[in-house]
Amino acid sequence: MPSLAGLFFWMNRKIEDINKIIVKKPLKLDCGKTINNFPLAYETYGKLNANKDNAILVFHALTGDQFVTGTNPITNKEGWWVTAVGPGKAIDTDKYFVICANVIGGCMGSLGPKDTNPENNQPYGLDFPVITIKDMVRAQESLLEHLGVKKLLCATGGSMGGMQLLQFCATFPDKAFSAIPIACSSSHSAQNIALNELARQAIMADPVWNNGKYVSKDVQPKNGLAVARMVGHISYLSEKGMQEKFGRKLQEKADYEFSFNADFQVESYLRHQGYAFVERFDANSILYITRAMDYFDLSKQYKDGLVEAFKNQNTKFLVISFSSDWLYTTKENKDIVIALNASGADVSYSEIVTDKGHDAFLLNEPEFLKTLKGFIDSMYEKFKNEKRI
Amino acid sequence: MKKEFKVIAELLPNNTRVLDVGCGDGFLMNFLREEKNIEVRGLELNQENVQLCIRKGLPVIQGNAETELHQFPNQSFDYVVLSQTLQAFYNPEKVLKNLLRIGKAVIVSIPNFGYWKVRMKLLFFGEMPVTKTLPNTWYNTPNLHMCTIKDLFKFCDEKNINIKQVVGVNEDKTSLIKKSNLEIKNLFSKLGIFLIG
């Protein structure tokens, strides 16, 4: 196995080869700073048809990236939404043109804290400007222009992807014919801010983190980052799901070891997930992206709150939540539906009954995938007809 | 299409905004949208039905009308339709008031417990009636508050709810019900369809 530094070098080399545009238009961030000439990495699947009416934009979640399906060329693992996107899948890439961009602040080719700061030729680290969900979304506008997509058939995303989507619909009310926010919220709850803070504190408590200056030394605060990832993984599962999956089962042993090794399967699972993560994700990116999530409160951007955010929407919405999701609860998702209703928008809502918790949107959850497919296919028929008229 | 839906569709003017509470598989919504250019919305409890609506491109919200009508703003629809469900709510009065809050007018249909066959079953056989419109037995019926067309008339009077039109349905026959013919129509209608508000 290559050393961590070597691995990062190898990853960086491959990142050079991935699709990206350089956004020339200056982007004034919510924090007041401006970025320009910045890279935005993206991936597309399927083909844009002649009428340009089959484009679907996917927004990724906290630890996701632009590699939605197929094999991620950087990690050599399956894309994060391979259950829903691909040939013959709910979001059928034989039929639709799927676009996904890496968020700014991320670490898969778009401008992020591990990139070089032109002011001092050092990696940004904590000199990277604090970004918001709105900044992420506005950065992606140029990509649609670049790809020649005037109006999307659909935009979708789960978790932080759903939050980007709500922002996208509010900021660009005419850009999407339909939208599917999944397991998300219009403002980050105290519980979710607390969990994000736990993740950040874990990273910052790792001495290797060194105030974010670890990048120039080709190291990564992997212990802190792994703990941050473990926190995340606990929050993505439901109590019942976790009990059923692991219970009190021991990890390849007949009895307790009377030590602090991973005796229980659930411990082993968390350690594995935590330490696998450090190989593909930058610790500072976690700080920046979780901060963006915490700052997200769509209602705060509008005088009359959420109802005003969704005013004049022609977009047709389908909101989906999962019954056992305690991170982005059914209640929070319903609040979005209520606001959309109050502003007169065309909105559908479905709660999928499952024990799989927040993770359900990434898993093979047949009722969810059927609903997704049914909505997108029916929207395509409508969009085609509308464009013809 | 069943007669009940035909009557409801005839009561609804073209180009209006309609909320169908308990919209089932979306049959009525689809008809209203396609034939009358009505802007439809549905509320439905059953997951499978919700999916069927979504597949037809019909906007539907999964939820329980008993507890989740509060999400719709005041007077946000021209009409609210409630087909044969009023009797299944724990608190039909509260639901009806909510419907009248959401819609400028409300169409509510009820299976008529005053229909002669229903009365006969109870009077001569001493059993809870099981008929085509009331297919369940006493122990598994979802119907908690059965009423007659006359009962709903009285209810609207007592609660100062304006009755605009009442249609009685018996198989393929329909007839207008007024106070003057209420006794006889209450005996011969299987369903009562009320336009109120």
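This is a predicted model: local features need pLDDT of at least 70, side-chain atom pairs count only at pLDDT 80 or more; totals for chains, interfaces and linings use all residues.
In chain A, 72% of the contacts with a separation of 6 or more are between residues 24 or more positions apart.

Staying with chain A, its secondary structure consists of 12 helices and 14 strands. The radius of gyration is 21 Å, close to the 21 Å that the globule rule gives for 389 residues, so chain A is as compact as a globular protein of that length. Its C-alpha trace spans about 70 × 50 × 40 Å along the principal axes. As for burial, 49% of the 389 residues of chain A count as buried.

Now to the contact between the chains. Chain A puts in 21 residues and chain B 14 residues. On the chain B side, two or more residues each come from α3 (47-55) and β3 (60-62). The most come from α3(B), which gives five residues. By type, that side of chain B has seven nonpolar, five polar and two charged residues.

Two packed helices are described by the angle between their axes and the distance between the axes. Here the pair is α1 (residues 3-11) and α2 (residues 27-36) of chain B, whose axes come within 11 Å and cross at roughly 45°. That angle is why α1(B) counts as oblique to α2(B). The crossing is right-handed.

Which residues make this contact? From α1(B) they are B:Phe5, B:Ile8 and B:Ala9, and from α2(B) they are B:Leu28, B:Phe31, B:Leu32 and B:Lys36. Six residues of the contact of α1(B) with α2(B) are nonpolar, none is polar and one is charged.

How values were computed. Residues are numbered from 1 along each chain as its sequence is written. Chains are lettered from A and ligands numbered from 1 in the order in which they are written. Two residues are in contact if their C-beta atoms, placed from the backbone, lie within 7 Å. Helices (H or I, at least four residues) and strands (E, at least two) are DSSP runs, numbered from the N terminus. Ala, Val, Leu, Ile, Met, Phe, Trp, Tyr, Cys and Pro count as nonpolar, Asp, Glu, Lys and Arg as charged, and the others, Gly among them, as polar. Axes are lines fitted to C-alpha atoms, for helices over the stretch in contact, and angles run from 0 to 180 degrees between N-to-C directions. Angles under 35 degrees count as roughly parallel, over 145 as roughly antiparallel, 65 to 115 as roughly perpendicular and the rest as oblique. A crossing is left-handed if the near helix is turned anticlockwise from the far one by less than a right angle, and right-handed if clockwise. The radius of gyration is taken over C-alpha atoms; the globule rule is 2.2 Å times the number of residues to the power 0.38. A residue is buried if 20 or more other C-beta atoms lie within 10 Å of its own, exposed if 12 or fewer, and partly exposed in between; C-beta atoms are placed from the backbone.
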